[in-house]
Every structure is written in C-alpha cells, then in structure tokens.
Amino acid sequence: MASILSDANRRLERALKYVSISEDASERLRYPKASLTVSIPVRMDDGRLKVFQGYRVRYDDTRGPTKGGIRFHPDVNLDEVQSLAFWMTFKCAALNLPLGGAKGGVTVNPKELSKFELERLSRGYIDAIANFIGPDVDIPAPDVYTNPMIMGWMMDQYSIIYRKLSPAVITGKPLSMGGSQGRDTATGTGAFYVLQAMMAKFDRIPQNTTVAVQGFGNAGSVIARLLFDAGYKVVAISDSQGGIYTPSGLDIPSIQQFKTSTRSLQAVYCEGTVCNTVNDHTTITNDELLALDVDILIPAALENQITAENANAIQARYIFEVANGPITSEADDMLSAKGIYVFPDILVNAGGVTVSYFEWVQNRSGLYWSVEDVNARLKTMMVTEGECIWKIAQDLDIRPRTAAYVHALERLGDALNAKGTRDYYVSGI
C-alpha cells in the first residue's frame with residue numbers, strides 16, 4: 001500500500017497542471033524540510049520506565065514559521081506526521097496565513113495513562129524537541145487526543161527550559177495561560193461557515209437537508225451542534241465505538257450532554273429523577289454511517305476513512321472534510337465520477353489553525369480579543385478564501401480540492417520564487 005504522504009502528493013501533482021510555478025518550487029514542495037524522531041522515557045506510576053516514540057515534522061517555512069498540531073494516538077508514525085505537515089502547509093497558504101506547515105505526534109494510547117503519566121509524557125516530549133520548535137520557528141497546537149491542559153504543560157515546560165515565559169510557543173492553551181477565546185471550537189465553527197457558504201451555491205434549505213457526522217469529538221460535535229441550531233436535520237453521528245441514526249433527526253444538545261457525562265453516544269440523558277428521551281434511534285457502525293443516503297456527509301474522525309473499497313457505497317451529495325485526509329486520492333476519483341462534491345480538508349477544517357494564528361498574534365502583541373471578535377475574523381477569512389476556491393473551481397472546471405491546492409500553490413510558488421529560481425540564475429539579473 002502506498003504511503004499516506006505519496007498519496008497526498010498525488011493531489012499536488014494534479015494541481016500543478018493548472019498553475020504556473022517554477023520547477024524549483026514544485027520540487028521543493030515534494031519533500032519535508034526537516035523531520036525529527038525522538039524517544040521519550042517516562043517513569044510510570046508503578047515504577048517502570050517506558051519509552052515512547054515521538055515525532056515532529058516541519059514541512060515548509062517559506063511563508064513563515066511552521067504551525068501544526070500534536071496528536072497522541074497509538075497509530076502515530078512518521079509517514080502520518082509528514083502527511084499531516086504537508087496538508088498543513090497547503091492549509092496555511094490556502095487561508096493566506098503567514099505560516100508554514102508542521103505536525104507532531106507520539107505513539108501512545110493516552111486512555112491507558114494516568115494523569116500523572118500523561119503530564120510526564122507531555123513534558124518529556126517538549127524536552128526532546130525544544131530546540132526544534134519556538135515562537136519564530138515552529139508553533140505546535142492540539143490535535144487528536146491532546147487538549148488545552150496538555151498544551152499548557154508543554155508551554156510551561158518550554159518556558160522552564162529557556163527560563164522565560166513563552167506563551168507564543170504553543171497555541172490551544174487554557175485561557176488563563178494565554179489561550180484565545182474561540183480556539184476550542186474553532187475547527188467546527190470554521191467548517192460550519194464554509195458549509196453554509198457553499199450550500200448557498202446550491203440553494204439548499206437547512207430544514208430540508210440531512211446530515212451525517214462521522215466523529216463526535218471536538219470538531220465533529222461542534223459542527224453537529226451548529227448545524228442542529230441552524231435547522232439542518234442531523235440524522236446520524238458516531239464516535240470510535242459506533243454510531244446512532246434516526247431518519248427524523250437527532251437531538252444533538254441532549255447527545256452532547258449524555259456524551260460528556262458518560263463518554264458514550266446515546267440519544268437520552270438523565271438528570272436526577274428527570275429523564276429526557278428523544279427520538280428512537282438505530283445503532284449503526286461507522287461504515288454504515290458513511291454509506292447512508294444523506295445530503296451532506298461530514299467525516300470528522302481520522303484519515304483514510306473513505307477508500308477505493310467503500311467509495312462506491314457513498315450516497316451523500318456533498319462531503320465536507322472536517323478530518324485531515326479522510327478520503328484517499330483513489331477514492332476521490334471514484335466520488336468525482338459519481339458527481340459527488342467534495343470540499344477539502346485544507347479549506348474546511350482550517351478554522352483551527354486560523355484561530356491558532358490569532359492566538360499567536362495575541363500572545364505576541366499582549367492584546368486579547370473577545371470571542372465575538374475572534375469568530376467574526378474567522379468567518380471573514382473562511383468565507384473569503386472559500387469563495388476564491390469556489391471561483392477557481394468554476395473557472396477551470398476542476399474539483400474543489402484541486403482548486404484549493406491551486407489557490408495555495410500560487411501563494412507558495414510566489415514565496416518560493418522570491419528566493420531565486422533556475423530561470424533567474426541562468427538568465428542573470
């Protein structure tokens with residue numbers, strides 16, 4: 001099976017046909033600038049010493065310091081982290097952020113660690129990569145199974161190592177440590193703004209539009225709630241254990257409350273002696289959710305969820321990628337042949353890195369914004385760049401994903417060319 005990075009590069013190759021950038025620029029973007037693999041020894045609560053593998057990749061910093069999350073997951077490996085850093089590079093360029101792309105991770109199941117062990121692992125990871133990151137070099141953020149508390153530990157550890165308070169080195173921190181209002185909901189909120197703008201192109205009425213959301217974590221639960229509040233009929237949701245479905249629509253607020261208190265998905269919650277049972281539902285698998293006959297499908301879990309094996313089963317009319325890389329390039333072709341519109345991750349889920357950028361700016365300036373200000377700025381950027389990408393797709397008659405890469409490539413190409421190209425040196429000044 002091809003690596004995730006080589007699969008990601010196929011999207012780059014497709015977009016290069018529609019943009020004029022130098023050979024130097026296209027060659028540079030095929031490879032990460034720097035990759036670091038580290039071992040993190042952690043003293044466990046029972047006295048054992050356990051060593052975890054950690055990674056950090058800076059893919060490209062032509063447009064600014066690199067930016068990207070840190071995930072704690074048992075399947076983390078270098079290929080995955082390089083691919084995520086690749087996507088971050090194009091995501092930052094597509095949103096016109098003065099940042100490059102990076103990503104990090106540790107191969108671990110965090111659910112098996114105590115809070116003490118999790119803190120030691122988090123601080124140990126920063127000990128191992130401290131000279132690879134920095135407010136002007138590479139700025140990590142939360143990702144899968146990491147959260148504001150973990151980001152706070154990491155920022156604190158970096159500050160201890162360099163003996164100075166450095167809030168701008170990490171984003172997604174607790175508000176009390178320099179975090180930004182709106183950061184915890186930014187990915188889902190930004191995706192909602194894009195979805196609303198794109199659905200207007202098709203004259204879709206929320207009340208007549210059905211939605212299935214795969215993944216009910218931070219991003220998936222936020223967009224599900226926003227869609228519910230806007231009148232969309234969210235008929236199915238799932239987490240790593242499976243999902244629930246009801247054709248008449250789920251009561252998302254009650255599910256959020258139950259999930260928070262029990263860590264499981266049910267359409268019922270109880271408070272004291274008061275129980276509120278909402279619509280009857282059917283238990284389904286994640287594969288069954290992906291194949292539902294709905295208007296909008298939102299993959300908000302992990303990468304490679306829709307592949308050549310299940311692409312033909314997809315019935316949704318529109319797909320919005322809230323997860324990173326949930327569709328393989330081969331599946332992309334199959335979905336396109338079926339007339340399905342796929343709105344890509346490098347646009348749809350860019351709200352997280354956009355508000356992380358806002359947090360970095362606030363940390364460096366010492367001026368902090370209200371949540372209303374943050375969301376207004378986020379909406380302007382997401383909708384503006386979404387409209388640009390849609391126009392490129394229409395003008396060139398290409399897929400939204402290819403259009404997003406074309407949009408990003410034009411900006412990356414200009415920045416890379418500004419450093420000098422073969423044509424410049426051969427032709428002279």
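Which residue is the bridge partner of D239 in β8? A few notes follow, starting from that question; please keep in mind as you read that this is a predicted model.

1. The answer is G242, which is the partner of D239 in β8. The two strands involved are β7, covering residues 233-239, and β8, covering residues 242-245; they pair in the antiparallel sense over four bridges. A hairpin of two residues carries the chain from β7 to β8.

2. On to the next neighbour of β8. Strand β11 (residues 282-284) pairs with β8 in the antiparallel sense, this time over three bridges.

3. Seven strands make up an open sheet, and their order is β11-β8-β7-β6-β12-β13-β14, with mixed pairing. Each of the edge strands, β11 and β14, has a single partner strand, so one side of each is left without a neighbour in the sheet. From one strand to the next, the twist averages 20°.

4. Strand β6 (residues 210-214) and strand β12 (residues 296-299) run parallel and are joined by four bridges. Here V211 stands opposite I296 in β12. As a reminder, strands of a sheet pair through backbone hydrogen bonds, either parallel or antiparallel.

5. There is also an open sheet of five strands, in the order β1-β2-β4-β3-β5, and its pairing is mixed. The edges are taken by β1 (34-43) and β5 (138-142); each has a single partner strand, so one side of each is left without a neighbour in the sheet. Direction ignored, neighbouring strands of this sheet are turned by 20° against each other on average.

6. G68 finds its bridge partner in β5 at P140.

7. Which helices pack on this sheet, and which strands do they touch? Helix α3 (residues 78-94) packs on the sheet and touches β1, β2 (49-60), β3 and β4 (100-107), with its direction at about 155° to that of β4. Helix α4 (residues 115-129) packs on the sheet as well, touching β1, β2, β3 and β4; the direction of α4 makes about 140° with that of β1.

8. A search of the whole structure turns up 17 aromatic pairs. One of them is F86 with F90, a tilted pair with 4.9 Å from centre to centre and 50° between the planes. Both residues sit in helix α3, and because they are four residues apart there, about one helical turn separates F86 from F90.

9. Sorted by class, the lining of the second largest pocket has seven nonpolar, three polar and four charged residues. Strand β14 links this point back to point 3, as β14 is an edge strand of the seven-stranded sheet.

Technical notes
Residues are numbered from 1 along each chain as its sequence is written. This is a predicted model: local features need pLDDT of at least 70, side-chain atom pairs count only at pLDDT 80 or more; totals for chains, interfaces and linings use all residues. Side-chain values use heavy atoms; hydrogens and water are left out. Two strands pair if DSSP finds at least two bridges between them. Axes are lines fitted to C-alpha atoms, for helices over the stretch in contact, and angles run from 0 to 180 degrees between N-to-C directions. Contact means heavy atoms within 4.5 Å. Ala, Val, Leu, Ile, Met, Phe, Trp, Tyr, Cys and Pro count as nonpolar, Asp, Glu, Lys and Arg as charged, and the others, Gly among them, as polar. Rings of Phe, Tyr and Trp (its six-membered ring) pair if their centres lie within 6.5 Å; planes under 30 degrees apart count as stacked, over 60 as edge-to-face and the rest as tilted.
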